Amino acid sequence: MYCLSDQQIDYILNDISARGVEMESLQHNLLDHVCCIIEQNLEANGDFESFYQKSIKSFYKDELWEIEEETLQLLIFKNYYTMKKVMIISGLFSAAAMSLGITFKFMHWPGASLFIQLGIIASSFIFLPLLFILKSKEQENTKDKLVLGLGILSGILMSLSILFRVMHWPYGFNLAIISITILGLVFLPIYFFNGIRNPEKKINTIVFSIVIIMICGLWLTLVVSSQGVRENNVRNTTNFLTNERIFNNEKNIFESMINSDSVKSNVSEISQKIISQCDELKSIIIEFETGTKTIGSNFEANNQYIRSSSLSSEICQLHENKIMELTENVKNYNSKVKDELFKIPVKNNIIEYFPNLVYFSFNTLEVLNQLTQIQLIVLQNERALISKI
């Protein structure tokens, strides 16, 4: 049995490194195998160097560094199946979540927004990135990898823009424009001129390019420009101010009737509570939207708009007690109102859904107008009661 010296072991390790094996763990594994072979098969007085050269050749076909490439391929191959499995699961989950979300939205069931958010987030941050990683490994040409990356990036941005639009979040328009720009002005030209040169891909390239143009065109029809958003905000704010003026006029008439006749109805106390609670909630919402508790007629100059965005769940969470108190007072009010009077609607409106606005989507203008409607109903009932006295 041959006994290797420290100098011979260093010689083997240096030779393995010189042959192109750079992974330290692989170097030491090869060193252990070679040393075992030499010590078990070489005679005590044998020629170490010639036996080593003969032994090391049994580890490769052409060059020793090939074994490092094969090791890396095995590691990648192992991760490849894991990533592929995660990609498939995330793709199925995002498709199922978005389908459920759309179904729930059409049926007006709770949880629609949550399912849509989960589906788009899973698609944008798990499925599409993994799809790029796995497909890019199949592409040998750098230009093909670039085309694939641009397509995936535009898909992610388009998905996020849809999410922002559905949830009425800001910058949805910006994301949509960026995704369309990348898809139509960068990805499409590179993909088209790269694919049309290949006779085997020519027809598929032309057809797919036409589909991309159609998708861009259809998506642009759904995008609202900045000018359109501003005009919509002006209409919303004007509509709100008009309703507020109507309410204030009704309130002034009611107060003048009370002052002159010195009478109160049997529900006037709870009526006053409901009106003041609605005023308080409206001030909270307006301050959250504009930074001020009231909006003046010069709202355009001050850039103070009621936007078509979903009422923030933050408001519901911070002022949950006020919201619950209003809903209880409304139910109590309806129980005391006589049949000939107009009860406050409690179905299919904010009174029904206010406690669960995290799952139900109401835009800010809709909530403000419904609060004003509650106040007007209460005032009309009070005036009707006073007129009978």
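Helices here are DSSP runs of H or I with at least four residues, numbered from the N terminus. The model is predicted.

**Second largest pocket**

Four helices each supply at least two residues to the lining of the second largest pocket: H5 (112-138), H6, H7 and H8 (202-222). The space in this pocket comes to about 700 Å³. Its lining holds 24 residues, and those closest to the pocket centre are Val 147, Leu 148, Phe 187, Tyr 191 and Phe 208. H6 gives the most to this lining, with eight residues. By class, the lining of the second largest pocket has 13 nonpolar, eight polar and three charged residues.

**An aromatic pair at the pocket**

Two of the residues closest to the pocket centre, Phe 187 and Tyr 191, both belong to helix H7, where they stand four residues apart, about one turn of the helix. The count of aromatic pairs in the model is five. In the pair of Phe 187 and Tyr 191, the ring centres are 5.6 Å apart and the planes lie at 10 degrees; planes under 30 degrees apart count as stacked, so this pair is stacked.

**Helix packing**

| Helix pair | Axes come within | Crossing angle |
|---|---|---|
| H6 (residues 142-166) and H7 (residues 172-195) | 8 Å | roughly 155 degrees |
| H5 and H6 | 10 Å | roughly 175 degrees |
| H10 (residues 268-290) and H12 (residues 320-336) | 10 Å | roughly 150 degrees |

The axes of H6 and H7 cross at roughly 155 degrees. An angle over 145 degrees counts as roughly antiparallel, so H6 is roughly antiparallel to H7. The crossing of these two helices is left-handed. In the contact of H6 with H7 there are 19 nonpolar, six polar and three charged residues.

H6 also packs with H5, and their axes cross at roughly 175 degrees. That angle makes H5 roughly antiparallel to H6. The contact of H5 with H6 divides into 15 nonpolar, seven polar and two charged residues. H5, H6 and H7 are also among the helices that supply at least two residues each to the lining of the second largest pocket.

The remaining pair in the table is H10 and H12, with axes that cross at roughly 150 degrees. This makes H10 roughly antiparallel to H12. H10 passes H12 in a left-handed crossing.

Technical notes:
Residues numbered from 1 in each chain as written. Predicted model: local features only at pLDDT ≥ 70, side-chain atom pairs only at ≥ 80, totals over all residues. Heavy atoms only, no water. Axes fitted to C-alpha atoms, helices over the stretch in contact; angles between N-to-C directions. Parallel < 35°, antiparallel > 145°, perpendicular 65-115°, else oblique. Left-handed = near helix turned anticlockwise from the far one by under 90°. Nonpolar A, V, L, I, M, F, W, Y, C, P; charged D, E, K, R; others polar. 1 Å grid on protein atoms, 1.4 Å probe; cavity = no way out; pocket = protein on both sides within 12 Å on 5 of 7 lines; lining within 4 Å. Points joined across faces, edges and corners; volume = space filled by probe spheres on them. Phe/Tyr/Trp six-rings, centres within 6.5 Å; stacked < 30°, edge-to-face > 60°.
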